[in-house]
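Here are my notes on this model, point by point. Please keep the structure open while you read.

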Amino acid sequence: MRRTLAPFDLTHVQFVLLAVLTYAGDPKGLTQAQLAHRARADPMMVSQVLRALEQKGFAERHPDPDDGRARRVTVTDDGIAAARAANRAVESADETFFGGSANRSLPLIAHLQHLDQSDE
């Protein structure tokens, strides 16, 4: 994953947060707390990663007009483009890595049976 995301100047955590923001589809953005919750990430870590995304021009933080303690995070046009391009690369890498033996339409038990049989 590191190699896949390197051309986009994104770490895996940055990619996850950027993807959550992009695919949330809310023009008002998400609060940092909402973003942390949706990404299942530590709020303090989210704050640090958002600083890096801001420096890259991929995200912006603004005061929340409804809550003076909160900050809303929005994704920039450059961030949307980066998220979409990186997502395509990640999906391609996943397909390359898992595609040879994985049939996604099979139930989990069938995948496990296939893996068990391949050890013989």
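1. Is Thr22 buried or exposed? Thr22 is buried, because its relative accessible area is 12%, and the cut-off for buried is under 20%. Keep in mind that this is a predicted model. Thr22 sits in helix H2. Leaving aside residues up to four places away in sequence, Thr22 touches Val75, Gly79, Ile80 and Ala83. Val75 also turns up in the sheet, where Ala59 stands opposite this residue of E3.

2. Now the overall layout. The protein chain has six helices and three strands. Read from the N terminus, the order of elements is α-α-β-α-α-β-β-α-α. The chain counts 120 residues, and 33% of them are buried.

3. In which order do the three strands lie? The order is E1-E3-E2, in an open sheet with antiparallel pairing. Strand E1 (30-31) and strand E2 (59-64) are the edge strands; each has a single partner, so one side of each lacks a neighbour in the sheet. In general, strands of a sheet pair through backbone hydrogen bonds.

4. The two pairings can be taken in turn. E1 and strand E3 (residues 67-75) run antiparallel and are joined by two bridges. Here Leu30 is opposite Val73 of E3. Helix H2 (residues 12-24) packs on this sheet and touches E1, E2 and E3. The direction of H2 makes about 90 degrees with that of E3. A hairpin of two residues links E2 to E3.

5. H2 also packs against a helix. How are H2 and helix H4 (residues 43-55) arranged? Their axes are 10 Å apart, at an angle of about 90 degrees. H2 is therefore roughly perpendicular to H4, since angles of 65 to 115 degrees count as such. From H2, the contact uses Val13, Gln14, Leu17 and Leu18. From H4, it uses Met45, Val46, Val49, Ala52 and Leu53. By class, the contact residues are eight nonpolar, one polar and no charged.

6. Finally, Leu35. This residue belongs to helix H3 (residues 32-39). Leu35 counts as buried because its relative accessibility is 0%. What does Leu35 touch, residues up to four places away in sequence aside? The answer is Leu17, Val20, Leu21, Leu30, Val46 and Leu50. Two of these names come from the H2 and H4 contact: Leu17 on H2 and Val46 on H4. Leu30, another partner of Leu35, is the residue opposite Val73 in E3. Leu35 and Leu17 are 18 residues apart in sequence, yet their C-alpha atoms are 7.2 Å apart in space.

Conventions:
Residues are numbered from 1 along each chain as its sequence is written. This is a predicted model: local features need pLDDT of at least 70, side-chain atom pairs count only at pLDDT 80 or more; totals for chains, interfaces and linings use all residues. Side-chain values use heavy atoms; hydrogens and water are left out. Two strands pair if DSSP finds at least two bridges between them. Helices (H or I, at least four residues) and strands (E, at least two) are DSSP runs, numbered from the N terminus. Contact means heavy atoms within 4.5 Å. Axes are lines fitted to C-alpha atoms, for helices over the stretch in contact, and angles run from 0 to 180 degrees between N-to-C directions. Angles under 35 degrees count as roughly parallel, over 145 as roughly antiparallel, 65 to 115 as roughly perpendicular and the rest as oblique. Ala, Val, Leu, Ile, Met, Phe, Trp, Tyr, Cys and Pro count as nonpolar, Asp, Glu, Lys and Arg as charged, and the others, Gly among them, as polar. Buried means under 20% relative accessible area, exposed over 50%, partly exposed in between (1.4 Å probe, protein chains only).
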